[in-house]
Amino acid sequence: MNTLSLPSSPLTNTEWQPVDAEKVVAGTPKTTYKVIYSSASQEFHAGVWQSTPGKWNVSYGEDEFCTLLEGTVILTASGGQAQKYTAPESFVIPSGFNGTWESATNVRKYFVIYEKTLP
């Protein structure tokens, strides 16, 4: 099997989608992404994701590893603890995280997601 590389330049010719209005806390964020690899089991995925500024509610059922290529993100847990990340930092969002995702600027990241499928 061949290896795959993730593009380091911004995605082009992709369709930007607004974040679900019910989840938006501030701004009018839009996102786009490209999955570069998915495992045969569909439990593991890797790709590139981009967003415009804004803040929205999130609830993670998957584990996600992120490396910021551009921008600043503020993750705030439901309990109120905020963590700020700026490119080129990397971080993990564990399954079960609930809170808000804020793209303080335009953001571009590599993502790796693992989501266990139930039998």
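Reader: Where is the place of Asn 13 relative to β1?

Author: Asn 13 sits in the segment before β1. Note that this is a predicted model.

Reader: Is Asn 13 buried or exposed?

Author: The cut-off for exposed is over 50% relative accessible area. Asn 13 has 84% relative accessibility, so it counts as exposed.

Reader: Which loop holds Gln 42, and what is its phi?

Author: Gln 42 lies in the loop between β3 and β4. Its phi is positive, about 65°, and Gln 42 is not a glycine either. At 47% relative accessibility, Gln 42 counts as partly exposed.

Reader: Now the sheets. How do strands of a sheet pair?

Author: They pair through backbone hydrogen bonds, either parallel or antiparallel.

Reader: How many bridges link β6 and β9?

Author: Strand β6, residues 63–70, pairs with β9 over 4 bridges, in the antiparallel sense. Within this pairing, Glu 64 stands opposite Ile 93 of β9.

Reader: What is the strand order in the sheet of 5 strands?

Author: The order is β2-β5-β10-β7-β8; this sheet is open and its pairing is antiparallel. β2 (24–26) and β8 (82–86) are at the edges with a single partner strand each, so one side of each has no neighbour in the sheet. From one strand to the next, the twist averages 25°.

Reader: How many bridges join β5 to β10?

Author: 6 bridges. β5 covers residues 54–59, β10 covers residues 98–103, and the two run antiparallel. Ser 59 stands opposite Asn 98 in β10.

Reader: Which residues have the most contacts inside the largest nonpolar core?

Author: Leu 75, Phe 91, Ile 93 and Trp 101, in a core of 17 residues. β5, β6, β7 (72–77), β9 and β11 (107–114) each supply at least two of its residues. The largest share, 3 residues, comes from β11.

Reader: Which residues make the nonpolar surface patch?

Author: Leu 4, Tyr 37, Phe 44 and Tyr 114 make a patch of about 360 Å². Tyr 37 is in strand β3, residues 30–38. With 30% relative accessibility, Tyr 37 counts as partly exposed.

Reader: Where is the peptide bond that is cis?

Author: It runs from Ala 87 to Pro 88, with omega near 15°. Pro 88 lies in the loop between β8 and β9.

Technical notes:
Residues are numbered from 1 along each chain as its sequence is written. This is a predicted model: local features need pLDDT of at least 70, side-chain atom pairs count only at pLDDT 80 or more; totals for chains, interfaces and linings use all residues. Side-chain values use heavy atoms; hydrogens and water are left out. Two strands pair if DSSP finds at least two bridges between them. Axes are lines fitted to C-alpha atoms, for helices over the stretch in contact, and angles run from 0 to 180 degrees between N-to-C directions. Patches are made of residues with over 30% relative accessible area and no salt bridge: like charges are joined within 9 Å, nonpolar side chains (Val, Leu, Ile, Met, Phe, Trp, Tyr) within 5 Å. Accessible areas come from the Shrake-Rupley method with a 1.4 Å probe; for residues, only the protein chains shown count as cover. A salt bridge is a side-chain nitrogen of Lys or Arg within 4 Å of a carboxyl oxygen of Asp or Glu. Buried means under 20% relative accessible area, exposed over 50%, partly exposed in between (1.4 Å probe, protein chains only). A nonpolar core is a set of buried Ala, Val, Leu, Ile, Met, Phe, Trp, Tyr and Cys residues joined through side-chain atoms within 4.5 Å.
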